[in-house]
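Me: I have a protein model here and some terms I want to understand. Can we go through them one at a time?

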Amino acid sequence: MNYRINPKNGDKLSALGFGCMRFAKDEKEVEQQIIYAIENGVNYFDTAYIYPKSEATLGRVLAKGYRDRVKIATKMPPYLVKKYEDLDKIFNAELERLQTDRIDYYFLHMLTDVNIWMRLVNLGILKWIAEKKQAGQIINIGFSYHGGRDEFIKLVDAYDWEFCMIQYNFLDENKQAGKGGLEYAAAKGLPVMIMEPLRGGKLVTNLPKEVYKVWDNAYVKRSPAEWALRWIWNHPEVTVVLSGMNSQAMVEENIKVASQAKANAFTEADFGLFNQVTQILSEKIKIPCTGCNYCLPCPKGVDIPTCFSTYNDREIEGKTAALSKYIMQTSVKSQASNASLCSKCGKCESHCPQNIKIRDELATVAKTMEGFYYKPTRFLIKRFMKL
C-alpha cells in the first residue's frame, strides 16, 4: 500500500480509503472485506451519521481487535443540528455506534457555503469543538464540500480546519471545487480527501462503447476503474481517495492499484486518453447525478437517483434497454417511484450536492420516459413477471 503523509499532523494515511456508504448487503461479506483491507494496508475508513447502518456495522467489525489499526472518519450533518444540545446528541450516538471513544477525522458533513458554517458558529460549535478536542474525543476537525470553487475557498479561510474533502474525478476537474480548490487547500497545508472518484460508478459501468474502445486501445491494459483512480492519485495534492467498495473483487483490485499508483506519473499519452474519454462522456451524460441519495426520502416516494440514472442510461445503452430498466426499477413494484409522481415541492433540491434542478429534470425524465409507450411496456413487463 502506498501512503501519503497528512501535512498537518504527520499521520501516515493509506492512499486508498474505504468508503462505507455503499456496503454490501451481507454483513459477513462486509466484515471479510474490511478485515482484508486492513490486513493489506488500508487504514482510513469513512462513514457518516446518515449512512444507514454504516457506523454500527463498521464499529462491530473494528471492535474485534482492529480499532487501533485504523483512522475512523465520520460526519455531523449540519441540517440536523437545530440547537446546541443536538451536537452532543448526534456525536454521542456516533461514538456508541462505532464502539469507540474518539473520532480521528470528524467532518461537518456537506457544508455548502459560509452561511451554514456561521449558523453553527452562532449555535456555539466553536466551544463544542474545543471541548471535544480537549477531551480527546475529536482528533481532527474538517468539512466535506459540494459546491463551487469560490465558496469552497471562503470556507477554507473561515476557520483553522485540519482537513477537508471534495468531490473530484477526471470528469469533474473543472466543476465544484475542482482543481483550483484542490490546489488552494493543499497550498494552505490541508490534507484533501477525495470522494466520488468514480462518480458513483458512472465512470466504470455501462459506459459508451466509444469509451471502452479508448481504454481497450490504450498502450497498457487497465480497467476503467483503474484509469480513473490513477488519474486522481497522479495529483500530489491528494491525500486519500475514497472508494465505496462493496465486493471482494473490488477491494482487491483497488488495493492493487493503490499499491502501484504514484503522483506525477502520467505521460502526455495518458492525458490524451482522458481528453478523449471526457469529451465522449460529456456529450452523453445529461444529468450529473452521482447517486449519493442525499435527496431522499421524497415525500411522494420518487426514487430520484434511479430516475436520473436510467434516464442517463438512455443515452448510453439505448432507448429500449433504458426504458425497460426504468420501468423495472420504478414502476413494477408495490409502491411506484417514477418521475411523474413528483409534486414539485422542492425539498430534494436543498440537499443535492450537485445543485441539480431536480424538479425540472424529473419533469424531463417523466416526459421522455413516460410517453405513449410507457403504459403498454409496463403492462407487458408486469405480465411477463407473473409468468
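The questions below go from the barrel to a helix, then to the cores and the cysteines.

Reply: One thing before we start: this is a predicted model.

Me: What makes the strands β3 to β10 a barrel?

Reply: The sheet closes. Its 8 strands run β3-β4-β5-β6-β7-β8-β9-β10, with parallel pairing. Neighbouring strands are turned by 30° against each other on average, direction ignored.

Me: How do you know that β6 and β7 pair?

Reply: Pairing needs at least two bridges. Strand β6 (residues 103-111) and strand β7 (residues 138-145) have 6 bridges, in the parallel sense. Tyrosine 106 stands opposite isoleucine 141 in β7.

Me: What lies across β5, β6 and β7?

Reply: Helix α3, residues 84-98, does. Its direction is at about 145° to β5.

Me: Which residues of α7 are buried?

Reply: In α7, residues 178-187, they are Gly178, Gly181, Leu182 and Ala185. Buried means under 20% relative accessible area.

Me: Why do the buried residues of α7 line one face?

Reply: Seen down the axis of α7, they fall within an arc of 100°, so they line one face of the helix. An α-helix has 3.6 residues a turn, so residues three or four places apart point the same way.

Me: What covers the buried residues of α7?

Reply: The cover includes α6, β8, β9 and β10. After α7 comes glycine 189, with a positive phi near 85°.

Me: Which residues have the most contacts inside the largest nonpolar core?

Reply: Phe18, Phe45 and Phe143 do, in a core of 85 residues. Helix α9 (residues 224-233) gives the most to this core, with 7 residues. Another core lies apart from it, with 24 residues, among them Cys298 and Ile327.

Me: What does phenylalanine 143 touch?

Reply: Leaving out residues up to four places away in sequence, its contacts include Phe107, Leu111, Trp161 and Met165.

Me: How do you know that cysteine 342 is in no disulfide?

Reply: A disulfide needs two cysteine sulfur atoms within 2.5 Å. The nearest cysteine sulfur to cysteine 342, that of cysteine 348, is 6.3 Å away. By this rule the count comes to 0 disulfides.

Me: Why is cysteine 345 called partly exposed?

Reply: The class lies between under 20% and over 50%. Cysteine 345 has 47% relative accessibility, so it counts as partly exposed. Cysteine 342, at 22%, is partly exposed as well.

Methods. Residues numbered from 1 in each chain as written. Predicted model: local features only at pLDDT ≥ 70, side-chain atom pairs only at ≥ 80, totals over all residues. Heavy atoms only, no water. Buried < 20%, exposed > 50% of the residue type's maximum accessible area, 1.4 Å probe, protein only. Helix = DSSP H or I, 4+ residues; strand = E, 2+ residues; numbered from the N terminus. Arc of directions from axis to C-beta. Contact = heavy atoms within 4.5 Å. Core = buried A, V, L, I, M, F, W, Y, C linked by side-chain atoms within 4.5 Å. Axes fitted to C-alpha atoms, helices over the stretch in contact; angles between N-to-C directions.
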